[in-house]
Amino acid sequence: MPKKIQDLKPDTVLKNYWRDNEQFADIFNAVLFKGEPVLKPEELEDADTEESSVLEHRDYAESLKASRDTIKVSKKSTAFGVELVMLGMESQEHIHYAMPLRVMGYDYSTYKKQYDDNARKYQMSKGLEEAEYLSRMKRTDRFAPVITMVVYYGEKPWDAAVSLHGILDIPEEMKAFVNDYKVLLVEARENNLILHNVKNVAFFNMMEIILDRNLPKEEARKKVIDYAREHNVDKSVIMTVAGAANCKIDYNALSRKGDFDMCTLFDEIARENEARGEARGEARGEARGIIEAGFDFGLSETDILERLQKKLNISLQAAQEYIRLFGRQTV
């Protein structure tokens with residue numbers, strides 16, 4: 001019997017949404033070509049999102065694990081005038097202050113994967129110059145360029161760096177000599193994208209309403225419900241909005257009602273937020289007790305962090321946040 005309440009995780013639902021070539025091409029056209037329909041949906045093919053690779057050093061090899069949210073290949077692209085272009089998208093729920101490094105890592109892994117695939121052709125030196133054999137690459141070999149877009153769905157304005165230089169302690173006079181790496185960022189909460197796909201238009205308009213911090217919650221609720229009904233927004237878009245808003249939906253109940261709309265969605269969100277609030281309160285109380293007891297018995301902060309993770313089944317980051325909240329009161 002299926003679970004009554006299913007968790008709409010943002011990364012999963014957004015991956016599914018952007019897997020559609022029409023929607024994917026539309027947002028890239030909006031960002032890269034100011035809305036001109038240059039990139040064609042029929043030119044896009046899904047590519048393997050798993051891009052782990054091995055970084056080889058002189059004395060050891062280090063594995064790099066990287067898995068993109070979505071990546072597509074544009075073959076014989078009329079948009080870019082080249083044989084192949086790889087287009088990647090990362091959906092970001094929270095601000096990430098090391099985003100330039102993450103994007104650089106994803107792109108490196110994509111290029112490294114292309115290099116490794118290409119290098120397999122050159123296991124033998126026959127027909128190769130010495131430098132080509134050592135490089136496992138001919139001087140005429142070329143790889144597909146990679147363009148990575150980050151779409152941020154958070155409520156707070158993005159205040160993290162959008163280039164590698166932004167996270168480096170670098171004097172102005174040195175910048176010309178240190179390679180930069182830029183992040184192609186889109187904020188769902190506020191953007192000037194020229195979109196043509198009706199689902200994308202509805203999705204971003206609704207997200208902008210939901211994420212507007214100047215709107216009282218009840219006003220935002222009414223406004224987004226009115227928008228969804230007035231524009232007869234597709235159910236898949238509403239589900240994606242729900243996922244991006246990180247809520248849970250009762251699929252079975254909705255299928256029985258047959259009237260899935262934004263009003264139903266907000267009712268579900270309200271109930272879920274209430275339940276989450278209660279759960280968070282219980283977890284905070286339990287965490288505080290663990291921390292107080294740990295310090296009373298002379299445990300180190302490292303030991304307390306381990307106990308928090310084990311007892312509450314939470315991440316190290318979450319455990320550190322509890323220490324930050326309650327540690328000073330108990331030391």
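## Basis

The model is predicted: local features need pLDDT of at least 70, side-chain atom pairs count only at pLDDT 80 or more, and totals for chains, interfaces and linings use all residues. Residues are numbered from 1 along each chain as its sequence is written, and side-chain values use heavy atoms, with hydrogens and water left out.

## Overall composition

The protein contains 11 helices and nine strands. These elements are DSSP runs numbered from the N terminus, with helices being H or I of at least four residues and strands being E of at least two. Of its 331 residues, 39% are buried; buried means under 20% relative accessible area, exposed over 50%, and partly exposed in between, with a 1.4 Å probe and protein chains only.

The accessible surface is about 19900 Å², and carbon and sulfur atoms hold 50% of that area. Areas come from the Shrake-Rupley method with a 1.4 Å probe, and for residues only the protein chains shown count as cover. Among contacts (heavy atoms within 4.5 Å) with a separation of 6 or more, 64% are between residues 24 or more positions apart.

## Strands 7 and 8

Strand 7 covers residues 146–152, and six of its seven residues are buried. Strand 7 runs parallel to strand 8 (residues 184–187), and four bridges join the two; strands pair if DSSP finds at least two bridges between them. Within this pairing, Val-150 stands opposite Leu-185 of strand 8.

The loop between strand 7 and strand 8 holds Ile-167. Ile-167 is partly exposed, because its relative accessibility is 31%. Together with Leu-101 and Leu-168, Ile-167 makes a nonpolar surface patch of about 220 Å². Patch residues have over 30% relative accessible area and no salt bridge; like charges are joined within 9 Å, and nonpolar side chains (Val, Leu, Ile, Met, Phe, Trp, Tyr) within 5 Å. A salt bridge is a side-chain nitrogen of Lys or Arg within 4 Å of a carboxyl oxygen of Asp or Glu.

## Aromatic pairs

The whole structure has 10 aromatic pairs. Rings of Phe, Tyr and Trp (its six-membered ring) pair if their centres lie within 6.5 Å; planes under 30 degrees apart count as stacked, over 60 as edge-to-face, and the rest as tilted. Trp-18 and Phe-203 form an edge-to-face pair, because their ring centres are 6.4 Å apart and their planes stand at 85°. Trp-18 is in helix 1 (residues 10–18) and Phe-203 in helix 5 (residues 198–210), so this pair ties together parts 185 residues apart in sequence. Trp-18 and Phe-203 are both buried.

The rings of Tyr-115 and Phe-143 have centres 6.4 Å apart and planes at 90°, so they too are edge-to-face. This pair ties together parts 28 residues apart in sequence, because Tyr-115 lies in helix 3 (residues 99–119) and Phe-143 in the loop between helix 4 (130–135) and strand 7. Tyr-115 is partly exposed at 25% relative accessible area, and Phe-143 is partly exposed at 28%. One aromatic cluster is formed by Tyr-17, Trp-18, Tyr-153, Phe-203 and Phe-204.

## Positive phi angles

Arg-136, in the loop between helix 4 and strand 7, is not a glycine but has a positive phi of about 55°. Its relative accessible area is 23%, so Arg-136 counts as partly exposed.

Asn-232 also has a positive phi, near 50°. Asn-232 is placed in the loop between helix 6 (217–230) and helix 7 (235–244), and is exposed at 67% relative accessibility.
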